[in-house]
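Reader: Could you walk me through how to read the features of a model like this one? I would like the general idea each time, and then the case at hand.

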Amino acid sequence: PMTGPVSPSVVLVGPMGAGKTTVGRVLARRWGVAVRDTDADIEADAGKPVSEIFVDEGEAHFRELEKAAVAAALASHDGVLSLGGGAVLDPDTQVLLKDHAVVFLRVGLADAVKRVGLGSARPLLLGNVRGRVKQLLDERTPIYEAVARFAVETDGRTPEQVADDIEERL
Ligand code: S3P
């Protein structure tokens, strides 16, 4: 019987363009569980896209919403969970993640830029996708490595192949 506390079976972290949402869907389909995405939770609550929250309320406010959305999902979701790329920056979130099966989807600059698209609508990338993605990768890679139980490579690989690697190593 299902009596224990609920917890996500896997938590996907990594930069924009790593494929968190897509790989999350693949794993959830294979396992027959639900997939949840903190960006989507925030958008549903706010009734508008992340890009508009950034413009209307600013990034700091978005980070507060994100912190609450991550804590809620970690405490209540028992399927696959994908976090927004910057969710791991919050120190309290980093502490919460210690209790979970966190997987870092690693991606290099070229593939990340290819996947987000040069005309990305993501607010943090406006104007200079390549330069901003490089900066985010440089700044955040050590954090993704620190919070993750293990990392999987996504460069040149399909979501199905990445999902295979995760299943092998969980
Ligand atoms: C962000 C990543 C985005 C979204 C927001 C900020 C970031 O999520 O949360 O635009 O700071 O890296 P994805 O990683 O799902 O694109």
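Author: We will go through the core, the ligand shell and the annotated sites in turn. Keep in mind that this is a predicted model.

Reader: Gladly. Which residues have the most contacts inside the largest nonpolar core?

Author: The general idea is to look for buried nonpolar residues joined to one another. Here the largest such core has 44 residues, and Leu 12, Val 13, Val 103 and Leu 105 have the most contacts inside it.

Reader: And what is Val 13 in contact with, leaving aside its neighbours within four places in sequence?

Author: With those neighbours set aside, the contacts of Val 13 are Leu 83, Val 88, Val 102, Phe 104, Tyr 144, Val 147 and Ala 148.

Reader: Now the ligand, please. Which residues surround the ligand?

Author: Start by listing the shell, then sort it by class. Around the ligand you find Met 16, Lys 20, Asp 39, Val 50, Gly 84, Gly 85, Gly 86, Arg 122, Pro 123, Leu 124 and Leu 136. Sorted by class, that shell has five nonpolar, three polar and three charged residues.

Reader: Which positions does UniProt list for "binding site"?

Author: Treat such a record with some care, as annotations may be inferred rather than shown by experiment. An unreviewed UniProt entry lists Gly 17, Ala 18, Gly 19, Lys 20, Thr 21, Thr 22, Arg 122 and Arg 157 under "binding site". These positions span 141 residues of sequence and are also spread in space, with up to 22.9 Å between C-alpha atoms. Also under "binding site", the unreviewed entry lists Asp 39, Arg 63, Gly 85 and Arg 140.

Reader: Let us take Ala 18. Is Ala 18 buried or exposed?

Author: Count C-beta neighbours: 20 or more within 10 Å means buried. Ala 18 counts as buried because it has 27 C-beta neighbours inside 10 Å. Ala 18 sits in the loop between β1 (10-13) and α1 (20-31). Beyond its neighbours within four places in sequence, Ala 18 is in contact with Leu 105, Val 107, Ala 112 and Thr 154.

Reader: Why is Thr 22 partly exposed?

Author: Thr 22 belongs to helix α1. Thr 22 has 19 other C-beta atoms within 10 Å, so Thr 22 is classed as partly exposed.

Reader: Where are Arg 63 and Arg 140?

Author: Arg 63 lies in helix α4 (residues 59-76), and Arg 140 in helix α7 (residues 129-147). Arg 63 is partly exposed because 16 other C-beta atoms lie within 10 Å. Arg 140 also counts as partly exposed, given its 17 C-beta neighbours inside 10 Å.

Terms used: Residues numbered from 1 in each chain as written. Predicted model: local features only at pLDDT ≥ 70, side-chain atom pairs only at ≥ 80, totals over all residues. Core = buried A, V, L, I, M, F, W, Y, C linked by C-beta atoms within 7 Å. Buried ≥ 20, exposed ≤ 12 C-beta atoms within 10 Å, placed from the backbone. Contact = placed C-beta atoms within 7 Å. Near = placed C-beta within 6 Å. Nonpolar A, V, L, I, M, F, W, Y, C, P; charged D, E, K, R; others polar. Helix = DSSP H or I, 4+ residues; strand = E, 2+ residues; numbered from the N terminus.
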